[in-house]
Protein chains: 2
Amino acid sequence: MNHSSTQGQRVIIIGGAGMVGQKLLYHLIADGLGDRPIDSVCLFDVVTAPIPENAPFPVESKTGSLLDQSDIDWIAAQRADALFHLAAIVSGDAERNFERGWDINARSSWQLLEALRQEHHNSGDNYRPRLVFSSSIAVFGAPFPDKISDDFHTTPLTSYGAQKAMTELQIADYSRKGYIDGVSIRLPTVTVRPGKPNLAASSFFSGIIREPLNGQPAVLPVADTVRHWHASPRSAAGFLRHAAILESDALQNRPTLNMPGFSCTVAEQIEALRSLAGNDAVSRIALAPDPEIEAIVQNWPRDFDTVRALALGFTSECSYEDIIQVYLDDDFEPTTH
Amino acid sequence: MNHSSTQGQRVIIIGGAGMVGQKLLYHLIADGLGDRPIDSVCLFDVVTAPIPENAPFPVESKTGSLLDQSDIDWIAAQRADALFHLAAIVSGDAERNFERGWDINARSSWQLLEALRQEHHNSGDNYRPRLVFSSSIAVFGAPFPDKISDDFHTTPLTSYGAQKAMTELQIADYSRKGYIDGVSIRLPTVTVRPGKPNLAASSFFSGIIREPLNGQPAVLPVADTVRHWHASPRSAAGFLRHAAILESDALQNRPTLNMPGFSCTVAEQIEALRSLAGNDAVSRIALAPDPEIEAIVQNWPRDFDTVRALALGFTSECSYEDIIQVYLDDDFEPTTH
């Protein structure tokens, strides 16, 4: 991009109605996006995204689907300076609906890259937007070393992981050829998620913290010895924002990055909860082993050595207490119990 | 596959007119394909494949294109027991023709997998063929460790490599779901190739051996300190055949394998030539550095530690003399000079 530093940026968040998309929007409002001002943000999603009232730039909600070629063409035609691609169907859905998963999570992403490449070719000005893709540690499949290094191979054990890994490869190749300027970041499991439990197998990692803090009972379906890799929603949004302002040269043709996080066992999560909210909170967690969830979780990464991402300036929490505190600061709404 | 051990096998070699496809056919004629007899072999290619006269089973040549959906459907409808997918446009072609490379090397492979999945769903007998995919060490991109391990990540620096890596991911996922029974094997550079030099940047690795043996001059475009990873055409065909008869369970959801090979420098290649053909042959090699080829070659893998493939019974040459001897045995045709 050869814009002057005073020209403003247009931003599109694909998947902008989701939890992480909304967090990202608030980060853009609070912290901007690098040296150049933001002119506008478009929240693209299948549902109408909430628009905050306090934004210092216009925020637009655009409903559409990446399964619709005309919507993909619309996105490319906006000639955004930065696109965040957060749209996907979740792991469990992609596993149950093989065709739908490959269509939405992989084929649509390819079509988006193709539309951006056409815009690059059709433009007279070497249009080449920064594309930040939210990938996932689901690209990895067991068996693992204790800590997964930056050069560990991708052997996904879910279709969702395979689809993310495929899009990473394409983003790297389209970027190498100069059609886009892409970065793929592999997010840790995001906890503590605000809101209600969902159907994801990972839902309990948030639930065992969030529900007790809200005076509700929580179910722990796995042994408390299970180790996992966490980052807060605030960190996830921070990763995306930081990825958008990285210097391309620093990526050295390897634009896929394992994001930092905090590795801990469920027992350590629970002790962090105890230290912040006391024994009463902890007593609301009931162990109820679920063999199906245990089987899924044992194939998940437990720990990473994210040398590259740390060197590139990505930061996350250093304790699970910090992760809980982010939830208390950003999302907790005290109610009368 | 639930066939009885006496029922014969139908085999399709996609890319059956090519050098490796033809070598594979001769291996199937000589050694069969596991415990069950071969009923027939179909050589599918864009050009008519040569048919040998000595085959103990019917061999058919079928011309068609993986860009044509009706040809892909025809392949799936054959309900072959084993399919070898060797079809691709080469690295240089895919690099110059971005769209064509992604269409032929990636999109077509996906459509083939989809056609096989439809056949699986439509059949009442859980049709699930063994698919052997010829991938390449081009899925790797520099910088490398001295020896690339089985769990090193794929960061291709060519579109060809990205396309191969994408198809590997899809074959693994379609196999995990039980729609096919796939194996992807990453072939070393195949030397000594018979025939004429081609436009591949790697052509000289064969040329500096083949041309001198045939009394012709050869050009070496890189320093003789360049180290590379080699296997003979005979080994490549052997890998494919062995991959077709591997037990699926032995792959443990990681059906992508780095193939064994022999790592040596160009100087060591030349010394092997000297030991087999003398100083006269070596004197026909002229050093003529080509910066473009040098730049490409420096991003290529040099050596591997192929623990898994060796444990699974894949074998290759243990010296470059052996590799030259394979050329002399299988392809060399003495002429009067």
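Predicted model: local features only at pLDDT ≥ 70, side-chain atom pairs only at ≥ 80, totals over all residues.
## Overall build of chain A

Let's start with the whole chain. Chain A holds 11 helices and 12 strands. Its radius of gyration comes out at 20 Å, close to the 20 Å that the globule rule gives for 337 residues, so chain A is as compact as a globular protein of that length. Laid along its principal axes, the C-alpha trace of chain A covers about 65 × 45 × 35 Å.

As for the inside, 50% of the 337 residues of chain A count as buried. Take the contacts in chain A with a separation of 6 or more, and 78% of them link residues 24 or more positions apart.

## A three-stranded sheet

Chain A has an open sheet of 3 strands, running in the order β7-β9-β11 with mixed pairing. At the edges sit β7 (189-190) and β11 (262-265) of chain A, each pairing on one side only.

Strand β9 (residues 227-231) of chain A pairs with β11(A) in the antiparallel sense, over 4 bridges. Within that region, A:His228 stands opposite A:Cys264 of β11(A).

## Where the two chains meet

Now for the partner chain. The contact draws 20 residues from chain B and 20 residues from chain A. On the chain B side, helix α5 (residues 159-176) of chain B gives the largest share, with 9 residues.

What is the make-up of the side of chain B that touches chain A? Its residues split into 8 nonpolar, 7 polar and 5 charged.

Definitions and conventions: Residues numbered from 1 in each chain as written. Chains lettered and ligands numbered in written order. Contact = placed C-beta atoms within 7 Å. Helix = DSSP H or I, 4+ residues; strand = E, 2+ residues; numbered from the N terminus. Nonpolar A, V, L, I, M, F, W, Y, C, P; charged D, E, K, R; others polar. Rg over C-alpha atoms; globule rule 2.2 N^0.38 Å. Buried ≥ 20, exposed ≤ 12 C-beta atoms within 10 Å, placed from the backbone. Pairing = 2+ DSSP bridges.
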